[in-house]
Every structure is written in C-alpha cells, then in structure tokens.
Amino acid sequence: MDKQKTNTIKKGRNKTYNKLRTIYNLIFVLFILLVLIYGVLHVFTDKKEYRNAGIEKFNNGDYEAAIEDFDNALKCNQWFSESLDVDIEMYKADSYIKLKDFSSANKVYSGILKNYPEKYYDKEKVDFLIELTSTLERYENGDYISTLACFNRAIEAGYVEMSLYAANCNEYSKKYEDMKKNLDIYTAAFGYTPDICYKYASYYLAFEDYNNALSNIEQGIECGDSIYFQDFIYSQVLCYTKLNKYNTAYEYAKKYKSEYPGNKDIADMYEYLDTRVNVDTEVINDIYNQNGKTVDENTDSESETGTDIETIN
C-alpha cells in the first residue's frame, strides 16, 4: 500500500511539474514574442518615409510642410536611429533658415549639441551654424557692420548663399567692388533673380554706368512682379534720362504715370521730361511777331495794352 501510495504521489507531482513547466514555457514564448513585437515596432517605423517625404518637399521649396514631416519622423521612437535623427534635425534647421526663422534654426542646432553624442555629427560645423544663425538674427535687426565677418567666413566654408547677405552689408558700407564680387559668387551658384538684378543695377548706378544698370533693370522687369518692381521702372526712366534719350524716357514715364498714379517719383520725372520733350516755343513779349500771329491779333493785343496803360495813368 505504501509503495502504491508513493507512486501515486510521484505521478501527481510529475503531472504538476509538467503543467508548471508547460506554463513557464508558454510564458517564456509569450515573453519572447512580446520582445520581438516590441523590437519590430521600434526598429521598423515610418521614420525614413517621413524623412524622405520631408526632403522632397524641402527640395520643392515647401519648407513649412517639410518641417511637419521632419517633426513626424523625429516622433517615431526607433532604436539605433541617432545618426538618422541628426540628419533629420539638420534638414529641419535648414528649412527654418530658408523661411528666415533664424531663431528656430538656432534652437535646433543647439538641441543637436545637447541631445546627441558627438560621434553622430561634426561639432565644429554645428558650432559654426549656431554662430551663423545668431549672426543672421542680428542682420535681420539691422546690424550690417559686425555681421559681415561671419558671412565672409561662411562663404569661405562653402555656404555660398551667404554671399547675398555679404553683398548687402557691402552696399550699406558703400564698398561697391566687394558688393559686386559677392553678387558674382551668388549668381554663379543660383542664377539671376529680381533681387539680384536690383543689386547689380544699384552697383552700376553708383558708378553712373547707366547702360549696364539699364540692362539689369530691364532684366529685373522681365522677371515679373517683385517688391522692387516700382523701383525698377523709376530707375529705367532715370537711366534713359541720364543717357539723354528723352523721348524714350518720356514714353516710359507717361506709361508708368498712368499705370501707377500714386508713384510720386514717376510723376515728378514725367513732369520734368515733359518740359524736355514738349518744349514751349511760343515767345513771350513777342514784339517781333515770332509766334506768327495775324495783324489783327497783334492790333487787339496792342489795343488792350493801350487801354491798360490809360487806365493805370
């Protein structure tokens, strides 16, 4: 009996052990599955898709939409993505620069230094970009003197888009040769825009080179609407006037005066040119009848004059 009872107890224990082992195995398998699922969710995310969509919008000039995609990419909690995240942050900061939101760009660059190990970025480059965005903030606030040195270093480092800012600083300081040098750097990289045409025209006007100024002015007008359009049309009339092409200048002034009646500069130029083109040839006090009046007209005038004299006497 005792032996049989002992075997029964052993069998019961084995069954219990087997059940527990099965449960433990199931728990372990479930744990492994959960770890795998969790890992998959944090390794395979939409981060790259958002990044690529943001870069496409960035390249198309839609910077605000690009920033939204970059933010969505950064929200994806993906393991081992620090290098990719730094790349996304750099694009995001560049988007803010394109939007001239230099303060936000500065914060993004500063965040890279704070949140990521140095092995994922060039610290010297990021430090300079922090300085550059701070410089651009000062430039936007009207500092065209102390900002120039940083812009020149940026150009030397390959940030050729800063050449336009440097050119504006040169113009402010009346360093026109340096201004043209920087404009040439910019146009070599990005081509002509209305802004660039206006700057070149300003350069040539400073040296009274009206033919070259006129060439850039008319190229700027052909670009279409811009904030400089009314400056262009006034300068066009001015150049033709300075070149003594009064009839051409007058025709343009007449046209623009009609199209832009509120432009006082054009109105004043029109009045001036009108005296040059439509010269009043009638002689005042025509005692020798140079105006070609008839004898009766002269007689009437003399009669009226005589009446005035008698009245005064």
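## Helices H4 and H5

Helices H4 and H5 are roughly antiparallel to each other. The ground for this description is that their axes cross at roughly 165 degrees and come within 7 Å; angles over 145 degrees count as roughly antiparallel, under 35 as roughly parallel, 65 to 115 as roughly perpendicular, and the rest as oblique. H5 comprises residues 102-115. The model is a predicted one, in which local features need pLDDT of at least 70 and side-chain atom pairs count only at pLDDT 80 or more, whereas totals for chains, interfaces and linings use all residues. Residues are numbered from 1 along each chain as its sequence is written, and side-chain values use heavy atoms, with hydrogens and water left out.

In general, two packed helices are described by the angle between their axes and the distance between the axes. Here an axis is a line fitted to C-alpha atoms, for helices over the stretch in contact, and the angle, from 0 to 180 degrees, is taken between N-to-C directions. The crossing of H4 and H5 is left-handed, a term for a near helix turned anticlockwise from the far one by less than a right angle (clockwise would be right-handed). On the side of H4, the contact (heavy atoms within 4.5 Å) involves Val-86, Glu-89, Met-90, Lys-92, Ala-93, Asp-94, Tyr-96 and Ile-97. H5 contributes Phe-102, Ser-104, Ala-105, Val-108, Tyr-109 and Ile-112. These contact residues of H4 and H5 comprise 10 nonpolar, one polar and three charged. In this classification, Ala, Val, Leu, Ile, Met, Phe, Trp, Tyr, Cys and Pro are nonpolar, Asp, Glu, Lys and Arg are charged, and the others, including Gly, are polar.

## Helices H2 and H4

Helix H4 (residues 82-98) also packs with helix H2 (residues 47-59), at an angle of about 25 degrees and with the axes 11 Å apart. H2 is therefore roughly parallel to H4. The crossing of H2 with H4 is left-handed.

From H2, the contact uses Lys-47, Lys-48, Arg-51, Ile-55 and Phe-58. From H4, it uses Leu-84, Asp-85, Asp-87, Ile-88, Tyr-91, Asp-94, Ser-95 and Lys-98. The contact of H2 with H4 consists of five nonpolar, one polar and seven charged residues.

## The chain as a whole

Of its 313 residues, 34% count as buried. Buried means under 20% relative accessible area, exposed means over 50%, and partly exposed lies in between (1.4 Å probe, protein chains only). Among contacts with a separation of 6 or more, 49% involve residues 24 or more positions apart.

## Salt bridges

The whole structure holds 10 salt bridges, each being a side-chain nitrogen of Lys or Arg within 4 Å of a carboxyl oxygen of Asp or Glu. One of them pairs Lys-199 with Glu-171, with the closest N and O atoms 2.9 Å apart. This pair joins distant parts of the chain, since Lys-199 belongs to helix H10 (residues 194-206) and Glu-171 to helix H8 (residues 163-172), 28 residues apart. Lys-199 is buried, at a relative accessible area of 11%.

A salt bridge also connects Asp-184 and Lys-180, at 3.2 Å from N to O. Both residues lie in helix H9 (residues 176-190), four residues apart, which is about one turn of the helix. Asp-184 is partly exposed at 32%. In a further salt bridge, Arg-138 and Asp-143 meet at 3.5 Å, N to O. Arg-138 is partly exposed at 33%, and Asp-143 is partly exposed at 22%.

## Individual residues

Thr-135 is located in helix H6 (residues 123-140) and is buried, with 2% relative accessibility. Apart from neighbours within four places in sequence, Thr-135 is in contact with Thr-147, Cys-150 and Phe-151. Glu-140 lies in H6 and is partly exposed at 42%. With neighbours within four places in sequence left aside, Glu-140 is in contact with Phe-102 and Tyr-165. The C-alpha atoms of Glu-140 and Lys-100 are 8.9 Å apart, although these residues are separated by 40 residues along the chain.

Ala-249, in helix H13 (residues 246-259), is buried at 0% relative accessibility. Residues up to four places away in sequence not counted, Ala-249 touches Val-237, Tyr-240, Thr-241 and Leu-273. Between Ala-249 and Val-237, 12 residues apart in sequence, the C-alpha to C-alpha distance is 4.9 Å.

Conventions. Helix = DSSP H or I, 4+ residues; strand = E, 2+ residues; numbered from the N terminus.
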